[in-house]
Amino acid sequence: MRPLALYLHIPYCLSRCHYCDFNTYVLDGPQSREYVRALAAEIRHQGAALDAEQRRVETIFFGGGTPSLLPAEDLCALLEACRGAFRVAPEAEITLEANPETVMPEAFVALRRGGFNRVSLGVQALHAGLLQVLGRPHTPARATEAFGAVRAAGFANVNLDVMFGLPGQALRDWRRTLEGVVSLAPEHLSTYGLTIEEGTLFGRLHRRGALRLPAEDAHLTMYREALRYLPAAGYRRYEISSFARPGFACRHNLTYWRQGEYLGLGAGAHGYLGGVRSMNQRLPAAYISAVTRRGSAVVERENPSPVAQVEEALMLGLRLADGLHLAAVAARFGLPDPPIDPAVLARLTGMGLIEAGDGLLRLTEAGLAVSDTVITELAASLVLQPGICA
Ligand code: SF4
């Protein structure tokens, strides 16, 4: 049976963070109840439409938004709907994204009993002033308390998200956050550098020159600090931003990075199945109405060209510390081996940005710091066969 991952999008939050451009909206109680009904209906519809017998669901990820804003019984019912519509592996990784201000101890006990076995908690910073700058409603004490409640509920696989490169953040603040989260001993840590997005409060402030961001080299120093400190604390970096104790890499995200197949359910969710990319209606009201009318809310389907797929294989695969098996990519898409101009490989290797050998290609630590540039250059140097066109 072919492996499959399910992503369920919950597009509600308590408030809007100042940097966020995700597809999420301030919680609307009556609409969220309709949304849960529509999502359950979409799960049933997609399970029936797919050859569900031929696929085994290995991971389910409830993301958002803030899924933990929904009542535990609704979340458990959605998980049950997945089990009813698909073959879910008994050892499937089932993750719930949560924010500290929404973690209620009894609800997490119910979620654990209902089958969730991994929690990803948005801590972001253990610094009250920085959390306020980000527009996050929790405090460092609340984040620590929430982590304790998640553990007490029986979750033995927990990720904490933390951010660097924040307005007004000094290296010592970042170190304090890293030390604080490591002292909690989660199984997984995700470290994200702040990016400024159009349409957010930070985007508007940045355009007016009113956002005091760390200089580029300070941003890089913070990332390097994570690269130095977390492995020494027992967390292996297995992806550009992801660190885990042995055996706790996020199986769901690995599916994306390895170009595995996944089904996106919910408003604005993306899927990749049988070589086809799809996207659902983005607005919750439009999503509910589409599912109510026709069972599905897919509004876009695309067959990416072989070249686009190879570029994507590079972009995603090079995020992984283990790197990318170039020969396998070449064979999969009918390209010469290596599929990248050898002169470019030699130049980037000479600059100490990549390591190539035994068919594997990976970024070095120096390459990680400029990963976007290196990956773009490699993707632009694909050696194409006659007949393969972009
Ligand atoms: S909690 Fe997360 S999804 Fe919600 S607004 Fe903040 S950053 Fe965006």
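Let's start with Pro339: in this predicted model, Pro339 counts as buried because 24 other C-beta atoms lie within 10 Å, and the cut-off for buried is 20 or more. You'll find Pro339 in the loop between helix 12 (326-333) and helix 13 (342-350). Who are its neighbours? Setting aside residues within four places in sequence, Pro339 is in contact with Val310, Leu326, Val329, Ala330, Leu382 and Val383.

Gly65 belongs to the loop between strand 4 (55-64) and helix 2.

Now for phi. Gln124 has a phi near 70 degrees, which is positive even though the residue isn't glycine. Gln124 is part of strand 6 (residues 118-124). Is Gln124 buried or exposed? It's buried, because 25 C-beta neighbours fall inside 10 Å. Ala185 has a positive phi as well, near 60 degrees, and its place is the loop between helix 6 (171-184) and strand 8 (188-193). Ala185 counts as exposed, because it has 12 C-beta neighbours inside 10 Å and the cut-off for exposed is 12 or fewer.

Next, the helices. When two helices pack, you describe them by the angle between their axes and the distance between the axes. Here are two pairs, side by side.

| Helix pair | Axes come within | Crossing angle |
|---|---|---|
| helix 1 (residues 29-49) and helix 2 (residues 72-85) | 8 Å | roughly 10 degrees |
| helix 2 and helix 3 (residues 105-114) | 9 Å | roughly 10 degrees |

How do helix 1 and helix 2 run, parallel or antiparallel? They are roughly parallel, because their crossing angle of roughly 10 degrees falls under 35 degrees. On the helix 1 side, the contact is made by Val36, Leu39, Ala40, Ile43, Arg44 and Gly47, and on the helix 2 side by Asp74, Ala77, Leu78, Ala81, Cys82 and Ala85. Sort these residues by class and you get nine nonpolar, one polar and two charged.

Helix 2 and helix 3 cross at roughly 10 degrees, and that makes this pair roughly parallel too. Here Ala72, Leu75, Cys76 and Leu79 in helix 2 meet Ala107, Ala110, Leu111 and Gly114 in helix 3. By class, this contact has seven nonpolar residues, one polar and no charged ones.

Ala77 is partly exposed, because it has 16 other C-beta atoms within 10 Å. Its C-alpha atom is separated by 12 Å from that of Arg113, which is 36 residues away along the chain.

In soluble globular proteins, nonpolar side chains tend to be buried together. The largest nonpolar core in this model has 81 residues, and those with the most contacts inside it are Leu6, Cys82 and Val150. Which element gives this core its largest share? That's helix 2, with seven residues. Val150, for its part, is in contact with Val103, Phe108, Val119, Leu121, Phe155 and Val158, leaving aside neighbours within four places in sequence. There's also a second, separate core of 21 residues, which includes Leu324, Val374, Ile375 and Leu382.

Back in strand 4, take a look at Arg56. With 15 C-beta neighbours inside 10 Å, Arg56 counts as partly exposed. It touches Met1, Pro3, Leu4, Arg87 and Ala89, not counting residues up to four places away in sequence. The C-alpha atoms of Arg56 and Ala5 are separated by 8.4 Å, though the two are 51 residues apart along the chain.

Last stop, the ligand. Which residues surround it? They are Cys13, Arg16, Cys17, Cys20, Phe22, Thr24, Gly64, Gly65, Thr66, Asn99 and Gly122. This shell divides into four nonpolar, six polar and one charged.

Terms used: Residues are numbered from 1 along each chain as its sequence is written. This is a predicted model: local features need pLDDT of at least 70, side-chain atom pairs count only at pLDDT 80 or more; totals for chains, interfaces and linings use all residues. A residue is near a molecule or strand if its C-beta atom, placed from the backbone, lies within 6 Å of it. Ala, Val, Leu, Ile, Met, Phe, Trp, Tyr, Cys and Pro count as nonpolar, Asp, Glu, Lys and Arg as charged, and the others, Gly among them, as polar. Helices (H or I, at least four residues) and strands (E, at least two) are DSSP runs, numbered from the N terminus. Two residues are in contact if their C-beta atoms, placed from the backbone, lie within 7 Å. Axes are lines fitted to C-alpha atoms, for helices over the stretch in contact, and angles run from 0 to 180 degrees between N-to-C directions. Angles under 35 degrees count as roughly parallel, over 145 as roughly antiparallel, 65 to 115 as roughly perpendicular and the rest as oblique. A nonpolar core is a set of buried Ala, Val, Leu, Ile, Met, Phe, Trp, Tyr and Cys residues joined through C-beta atoms within 7 Å.
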